[in-house]
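Thanks for coming. Please have the structure open.

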Amino acid sequence: MKKITIAIDGYSSTGKSTVAKQLADWLEYIYVDTGAMYRALTLYSMENSLIADGFFDKESLIKKLDDIEIAFTRNTDSGKAEVTLNGKNVEKHIRTLEVSTFVSPIATVSEVRAKLVEQQQKMGASKGIVMDGRDIGTVVFPDAELKIFMTASAEERAKRRYQELLDRGDTVNYKAVLANVVERDHIDTTRADSPLVQADDAIVIDNTHTNVSDQFHTILQLAKDRI
Ligand code: C5P
């Protein structure tokens, strides 16, 4: 069967990764969560004091980029891909509100994007991949056979993210989560390099009111139509 590239872009917490993982499992494709790669670089910056008290030492991060290795490893229990930073599994540390606060400013740095985009393009060189992020259909794989652009109201997305953080055991406040969602949307859509925009040939899915299962079946059918 022909293998295709599926690019799923959209705003924060629209459920991109949930549907992308389901599609990859069903199609037996590779799944890549590119947000996890930007989050791992953010964690590196936090751990190495490149971000502190509202100050971001962009030049030092750029100098260190060649020494930072971001990769994925398979969790032998769950079978899920988890992100590693210089060989250490950091999956459990990259979804905090603190990382979410700093990730979008870091993702505006062109040198950071160039490094991660190059790596993402290599991962998808043989197709048979579902990749989610902000610039997959526009920059990483402009020729992807299927492009989805996911959206939902900011309040609904913040509600989902808030619940996820509570389920992880984090102490969070809904208003802070909503503010982060709105702030990330703003930075992601207005940055100069590879802003979050809908590709001309992307299919828009607004999931404010749709359930995960309906959404999965809609996108799966779109994929089957292209295989
Ligand atoms: O997908 P997730 O919400 O985990 O992504 C975290 C952040 O990483 C986004 O808000 C965005 O700033 C950045 N990002 C990006 N390009 C991607 C994926 C994520 O700029 N392809």
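A word on burial before anything else: a residue is buried under 20% relative accessible area, exposed over 50%, and partly exposed in between, using a 1.4 Å probe and protein chains only. This is a predicted model, in which local features need pLDDT of at least 70 and side-chain atom pairs count only at pLDDT 80 or more, while totals for chains, interfaces and linings use all residues. Residues are numbered from 1 along each chain as its sequence is written, and side-chain values use heavy atoms, with hydrogens and water left out.

Now the rings. Rings of Phe, Tyr and Trp (its six-membered ring) pair if their centres lie within 6.5 Å; planes under 30 degrees apart are stacked, over 60 edge-to-face, and the rest tilted. That rule gives two aromatic pairs. In one, the ring centres of Tyr11 and Phe149 are 5.8 Å apart and the planes stand at 80°, so this pair is edge-to-face. It joins distant parts of the chain, 138 residues apart: Tyr11 is in the loop between β1 (5-10) and α1 (16-27), and Phe149 is in strand β9 (residues 146-151). Helices (H or I, at least four residues) and strands (E, at least two) are DSSP runs, numbered from the N terminus. Tyr11 has a relative accessible area of 23%, so it is partly exposed. Phe149, at 6%, is buried.

The other pair is Tyr162 with Tyr174, with centres 5.9 Å apart and planes at 85°, so again edge-to-face. Tyr162 belongs to helix α7 (residues 154-167) and Tyr174 to helix α8 (residues 174-190), twelve residues apart. Tyr162 is partly exposed at 24%, and Tyr174 is partly exposed at 27%.

An unreviewed UniProt entry lists it under "binding site", along with others including Ser13, Thr14 and Lys16. UniProt positions are given in the numbering used here, feature names are shortened, and annotations may be inferred rather than shown by experiment.

What does Ser13 contact, leaving aside its neighbours within four places in sequence? Arg157, Arg160, Arg161 and Arg184, where contact means heavy atoms within 4.5 Å. Ser13 sits in the loop between β1 and α1 and is buried, at 18%.

Thr14 is in the loop between β1 and α1 and is buried at 0%. With neighbours within four places set aside, its contacts include Met150, Thr151, Arg157 and Asn207. A polar atom of the Thr14 side chain lies 2.8 Å from the backbone oxygen of Tyr11.

Key. A polar contact is a pair of N or O atoms within 3.5 Å; within protein, one must be able to donate a hydrogen and the other to accept it, and residues adjacent in sequence count only if both atoms are side-chain atoms.
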